[in-house]
Amino acid sequence: MSTPGQLIDGKAVSAQVLAEVTADVAALKAQGVEPALAVVLVGDDPASHVYVRNKVLRAGEVGIRSLEYRLPAEASAAEVLALVAELNADAGVHGILVQLPLPKHIDETSVLQAIDPAKDVDGFHSENVGGLSQGRPVLTPCTPAGCMRLLRDTLGDLSGKHAVVIGRSNIVGKPMAALLLAADCTVTVLHSRSKNPQALCRKADIVVAAVGRPRMINAEWIKPGAVVIDVGINRIEEDGKNRLVGDVDFASVQPLTAAITPVPGGVGPMTIALLMQNTVTAACQQHINSAPAASEEATCRSAC
Ligand SMILES: NC(=O)C1=CN([C@@H]2O[C@H](COP(=O)(O)OP(=O)(O)OC[C@H]3O[C@@H](n4cnc5c(N)ncnc54)[C@H](OP(=O)(O)O)[C@@H]3O)[C@@H](O)[C@H]2O)C=CC1
Ligand SMILES: Nc1nc(=O)c2c([nH]1)NC[C@@H]1CN(c3ccc(C(=O)N[C@@H](CCC(=O)O)C(=O)O)cc3)C=[N+]21
């Protein structure tokens, strides 16, 4: 078990994940498969540009080929869908990520639904969303999967724990709740219409904050001894400086917790590491499915 206020080092755990992925990439390459990830960025949101650059850099470090597609903010939905169709048809591309948010005139759901579920390394296609909820082994959203890895490394078995997820977005809150349920937690999901959210959160053994409100979760929300995962990434100006802060008021909450993730250096690096892992899983599965029945030794990796 952990000592009070232990820092959960997402950078260190993500380095472990990336080391595992590097070995898996090498194994795939030995079988003649070069895992490739296509990242599609529409428009010129500066934060999205930073994220995409980090993803491309990380891919290079683990040996994954990355392809970057940039479309102008005025691109039509038809243009984005045409690019997705082209990437779906390209057997040399194993993973497709369309960076969110998309410009307002493009319907996100129809773009996400156009991605081949086998290449959907974000796990946002309804086929993968449904599979997660049914407990099938599908591509799983990177941020919640990264949070689960941190929780398992910290607590081991999560069975019977009361987990409170704050936020119910499709990309974080809902898949996080599904993964915690699959791990046999008792799960409560809080959102902007919840009554007495603070009192409910105070009952939690595990708190996952994915709200997008700087430092909203303070000591009043936390039961002593809880484990706290802060997904929030908020850029604020403070004391004349630009700062990156989470949804948790780290200074007041840390002393109460058994363990807590920092921002930055917590969930963020895990998201990118899990994206690389999903890309390798997708490449491996596509390789196995394309191999003729005779070469069933095409099991490049224990995970598939
Ligand atoms: N570290 C990482 O890798 C990632 C970090 N993020 C960060 O995580 C945060 C959440 O992202 P995302 O899920 O996309 O955000 P969304 O804005 O899509 O969702 C926010 C959720 O928080 C709920 N909420 C808002 N205000 C309150 C409140 N006062 N009390 C309770 N619930 C509230 C909303 O409720 P309702 O549904 O009722 O509106 C909604 O469900 C952001 O800071 C984002 O930057 C996101 C993705 C990856
Ligand atoms: N299709 C899609 N998939 C996503 O996974 C996706 C997305 N769209 N849109 C935006 C959000 C946000 N997101 C982050 C990834 C890494 C960090 C990260 O590495 N954060 C660093 C700090 C980075 C910095 O300094 O800005 C950290 O927390 O240590 C943060 C946030 C992925 N998202």
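**Two ligand shells in a predicted model**

By class, the shell around ligand 1 in this predicted model holds ten nonpolar, twelve polar and three charged residues.

User: What makes a residue part of the group around ligand 1, and which residues come nearest?

Analyst: A residue is counted when its C-beta atom, placed from the backbone, lies within 6 Å of the molecule. There are 25 residues around ligand 1, and Gly 167, Ser 169, Ser 192, Gly 212 and Thr 271 come nearest. Helix 10 gives the largest share of this shell, three residues.

User: Which residues are closest to ligand 2, and which elements give two or more residues to its shell?

Analyst: Ligand 2 is surrounded by 19 residues, the closest being Leu 100, Pro 264, Gly 265, Gly 268 and Thr 271. Helix 2 (46–62), strand 4 (95–98), helix 6 (142–155) and helix 10 (267–290) each give two or more residues to that shell, and the largest share, four residues, comes from helix 10.

User: How do the residues of the shell around ligand 2 divide by class?

Analyst: They divide into twelve nonpolar, six polar and one charged.

Terms used. Residues numbered from 1 in each chain as written. Chains lettered and ligands numbered in written order. Predicted model: local features only at pLDDT ≥ 70, side-chain atom pairs only at ≥ 80, totals over all residues. Nonpolar A, V, L, I, M, F, W, Y, C, P; charged D, E, K, R; others polar.
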